[in-house]
Amino acid sequence: MALSNDTHDDVGAGIRWWSELRCPRCRGALRAEGGLRCGACPATYPVDRGVPRFVPQDNYAEGFGYQWNRHRLTQLDSHSGLPISRDRLFRASRWSAGELRGRRVLECGSGAGRFTEVLCETGAEVTSFDISSAVHANAASNRRFPNLRLVQASIYEMPFPEESFDYLICFGVIQHTPDVERTFKTLFRYLRPGGRFCVDVYAAMVAYTHPRHLLRPITRRIPPARLYSAVDKAVPCLLPLSTALHSVPKAGPYLARLVPVANLRYLNLKDRRMLRTWSVLDTFDWLSPRYESPQPRRRLERWTRELGLSEVSIERHRGLYVVRGVK
Ligand SMILES: C[S@@+](CC[C@H](N)C(=O)[O-])C[C@H]1O[C@@H](n2cnc3c(N)ncnc32)[C@H](O)[C@@H]1O
């Protein structure tokens, strides 16, 4: 990859932690020289607005980049005024803020940074990355934390030394990658022995029976801006219909499921406007990803056995399996 002209001039500011990065191709050390240059092979990596980039700008996650830059703040607790991301992170992981303080935490696929913010607030040394341009939304919101290291990279080629993190989280990501088993197994290479992890994934039996799968073969091919505009127009009609169906005694939740709109009524958001904004974001998030491969529990059990992970628990939280344990 050639050094680009967008190389930011704050290379010096990042020099201390950038020296801990590794060339994802040959594992060589990198030095700040314009962008980042590998000392062991010819590879060079640009630094875009202060964020080192290890993937081509055009990749399969373009829709995510669009979505998270458009909704940079929507799901951040500091913006919503609600502890939704904080509660989800600590409920799913069963970790405490206190135990993370000063520990090295790796967050894979950070999107707009709703969980990055929560992790940084604990005082952990947080390393976050995403394959898409969402890293720039995350940077804009969370740059204020001196304990955050942010790069644009892929799970398949992480620019970090192996076994160098104490904790690892990966929420909402692995079902959106081209090879979920490879993704899942790659994550653990970067966790030190004895390190703790929490990874979630769409549960197959819930997700595959959802009507969005009838639409996705078409919608995932629509350019993000066009799809977003269609979703933005449809949600104000579909959301009240979904909510009305929900209130039908007994059959309500099943009937509402037939309406292809993300209805976040269970989150008790502050008002109708907020519900609508979250609904547009999540409905787009259902329809746009290039890949969506929900997983059955038995497969997750097999993968964790094959990796020799210990203290493993796999719990269903709504439509997700949350996999926790120790390496
Ligand atoms: C549904 S979003 C979840 C973002 C964030 N974890 C959250 O829960 O708000 C999935 C994210 O995974 C990222 N992603 C997909 N494939 C990836 C890969 N191979 N490496 C890193 N990130 C990836 C996407 O760009 C996207 O931002």
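Residues are numbered from 1 along each chain as its sequence is written, and side-chain values use heavy atoms, with hydrogens and water left out. In this predicted model, local features need pLDDT of at least 70 and side-chain atom pairs count only at pLDDT 80 or more, while totals for chains, interfaces and linings use all residues.

Start with the sheets. Helices (H or I, at least four residues) and strands (E, at least two) are DSSP runs, numbered from the N terminus. Two strands pair if DSSP finds at least two bridges between them. Strands of a sheet pair through backbone hydrogen bonds, either parallel or antiparallel.

Ile314 stands opposite Val323 in S12.

Another open sheet has three strands, in the order S1-S2-S3, with antiparallel pairing. Strand S1 (30–33) and strand S3 (44–45) are the edge strands, and each pairs on one side only. Two bridges join strand S2 (residues 35–38) to S3. Arg37 stands opposite Thr44 in S3.

Now the charged pairs. Side chains of opposite charge can pair when their charged atoms come close. A salt bridge is a side-chain nitrogen of Lys or Arg within 4 Å of a carboxyl oxygen of Asp or Glu. By this rule the model has 21 salt bridges.

One of them joins Arg94 and Glu315, with the closest N and O atoms 2.9 Å apart. Arg94 lies in the loop between helix H4 (84–93) and helix H5 (97–100), and Glu315 lies in strand S11, so the pair ties together parts that are 221 residues apart in sequence. Buried means under 20% relative accessible area, exposed over 50%, and partly exposed in between (1.4 Å probe, protein chains only). Arg94 counts as exposed because its relative accessibility is 55%. Glu315, at 23%, counts as partly exposed.

Is the pair of Arg212 and Glu292 buried or exposed? Arg212 counts as buried, at 5% relative accessibility. Glu292 is buried too, at 9%. Their closest N and O atoms are 3.0 Å apart. The pair links distant parts of the chain, 80 residues apart: Arg212 is in helix H10 (residues 212–219), and Glu292 is in the loop between helix H13 (272–287) and helix H14 (297–306). Elsewhere, salt bridges that share partners join Glu20, Arg104, Glu125 and Arg149 into one network.

Last comes the surface. Val248, Leu255 and Leu258 make a nonpolar surface patch of about 240 Å². Patches are made of residues with over 30% relative accessible area and no salt bridge; like charges are joined within 9 Å, nonpolar side chains (Val, Leu, Ile, Met, Phe, Trp, Tyr) within 5 Å. Accessible areas come from the Shrake-Rupley method with a 1.4 Å probe, and for residues only the protein chains shown count as cover. Leu255 sits in helix H12 (residues 252–257). Its relative accessibility is 32%, so Leu255 counts as partly exposed.
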